[in-house]
Amino acid sequence: MKLHKSALAVLLALSCTACGIFGSDPFETGRDAYAQRDYHTARVALATAMNAENADPEAAELYARTLLALGDGESAERILDTLRSRTSPPADLASLSAQAALLRGDFELALERAGAAHGQPLGEWVAIRALGELDRGEEAMIRSNAAIEAYPDHAPLLAMRGAMAVAMRQVSEAKEYSARALAADADDLDALMLAGQLRVMRADYAAAHEFYTKAHGEHPADLGALFALAAVEADMGEYEQAETHLASLLSAAPGHPMGLLLSARLAFVEGDLDEAHTIVQQSESNIGRIPQGRLLMGEIAYLRGFPAQAIVHLEAFLAVLPGHAHGSTVLARAYSEQGEEQRAWDLIAPLADSAVATPQMLALASDLAGRVGEPDRFAARLAAILPDGFAEEYRAAQNALDRGDGAEAERRFAALIAEGGDRDAVILNNGAHAALAAGNPQEALRRARAAHELAPRDPRVRDTLGWVLLENGEAGPALNHLTAAVEGQPGNLQIRWHYANALIANGRSADARRIIGELRQFAGTEQRAAMDRLLARI
């Protein structure tokens, strides 16, 4: 590489002053920085320490660990090669080598090396990650459960298992593993990030902000924690704070795709469509690679009055994430404005049939129904006008139900239904669960039937009705609804569990055993115990 005079002068200046940057002992500086998770400082100091006369033999090992912490598998691999030739290499060298291969994207090699890391939790963590990257999900789940049994207090393993539960929509299991991970190590990055994610999922942005703030404070070199902090501040409407953290992120990584996307999103939500459009145009090669980037580009084009352009972006987005509710709604609007009412109807009607359909979905579907010659089954659900504070009361009721306080949940849901929630399929559906938890199966059945009348095609609503019918001793009708629910969402583990119970109640124990056997490998400790108790009875 050719060096210009100015660049050469800078390098000479740095080489002349490097000895003063770290004081008298760069190894000590690097070691202290590593202990404080200041990996950028540690990287420079330890590189200097390795090249010093009479270098401390620990410098190379700590340098390799620093590189791995920074996600630089390529550089770490070169240092690990030198450690392999030592008479006394690090005891966890196999795990470190497996992590380096994982970071380089060589997942088969990572899995092979992890196999040699006997008795090392990091090796198991790498193996599970590699299996996931190789689309070997069942093996990853089995290995994850075994690893947690072997290392029940290893925070990264517990947090990874919680993240897997989130991916399978097993929120209660994810909460359990999150709590265990934080109890094992309250400063662990993965544990903090999972805790923040779970709070974001229930729109508790203030609590998520606390976890992400701690994650960034404890792990200042991690860009994921910094991005999560900026993103949740944007969700909270704290745009100045979000922009400050976002500027730090883009300063450290100018082409960070998610950072660029968030920058455009902030301009978008603040109403500056031209600025959002400019950012997207300048960074399209980066933002366009992210599915959410295509969604934003489609939204911007639609709101700027270019529905045909919006359709191109949104169709590309939905090809990657089919069924995305918001993306589908915007695309349906764009189709409608382009005169393609039937395509708009075909896209929006199934979403509007859902119990969680937004007023925007219902209004669009109601408008399109008459234009395509379909009966309007959505107008009635648009009629409810809810009082101020209703959303906050709903969150309080749902939180009570989630934490297992059946009496409090029932009290709150009953009030919500009396105040206008009787036209909301979600409130009726979840209110049925609250009544069941409070020991009132008859009221649960009344609410479940009412929810089903409003959203008869939603598999989750049919699941609730089927389960409540089963609790009321109506095994035959319960199986009918749960069969429809499992056909609608075959990957939903809770629905499959309810379906298995209905099969048993209808004398089909062999079918139930097969389903429970399939579910067991994905279940957490408490769920497996419940499954084992049920299997013991049949």
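I count a contact when heavy atoms lie within 4.5 Å. The model I looked at is predicted.

**Entry: Ile417**

I looked up Ile417 and found it in helix H26, residues 406-418. Is Ile417 buried or exposed? Its relative accessible area is 10%, so I noted it as buried. I then listed its contacts, leaving aside neighbours within four places in sequence: Ile417 is in contact with Asp422, Ile427, Leu428 and Arg447. For Leu428, 11 residues from Ile417 along the chain, I read a C-alpha separation of 7.1 Å.

**Entry: H2 and H3**

I turned to helix H2 (residues 26-35) and helix H3 (residues 39-50), which pack with their axes 8 Å apart and at an angle of about 155°. The crossing of the two is left-handed. From H2, Pro26, Phe27, Thr29, Gly30, Arg31, Ala33 and Tyr34 take part; on the H3 side they meet Tyr39, Thr41, Ala42, Ala45, Leu46, Thr48 and Ala49. Sorted by class, I have nine nonpolar, four polar and one charged residues in this contact.

**Entry: nonpolar cores**

Which residues have the most contacts inside the largest nonpolar core? I found Ile128, Val468, Tyr499 and Ile516, in a core of 52 residues. Helix H31 (residues 493-505) gives the most to this core, with eight residues. I noted another core, apart from that one, with 28 residues, including Ala301, Leu314, Ala332 and Ala365.

I went back to Ile128 for its partners. Not counting residues up to four places away in sequence, Ile128 touches Ala140, Arg143, Ser144, Ala147, Leu157, Met160 and Met164.

Notes
Residues numbered from 1 in each chain as written. Predicted model: local features only at pLDDT ≥ 70, side-chain atom pairs only at ≥ 80, totals over all residues. Heavy atoms only, no water. Axes fitted to C-alpha atoms, helices over the stretch in contact; angles between N-to-C directions. Helix = DSSP H or I, 4+ residues; strand = E, 2+ residues; numbered from the N terminus. Left-handed = near helix turned anticlockwise from the far one by under 90°. Nonpolar A, V, L, I, M, F, W, Y, C, P; charged D, E, K, R; others polar. Buried < 20%, exposed > 50% of the residue type's maximum accessible area, 1.4 Å probe, protein only. Core = buried A, V, L, I, M, F, W, Y, C linked by side-chain atoms within 4.5 Å.
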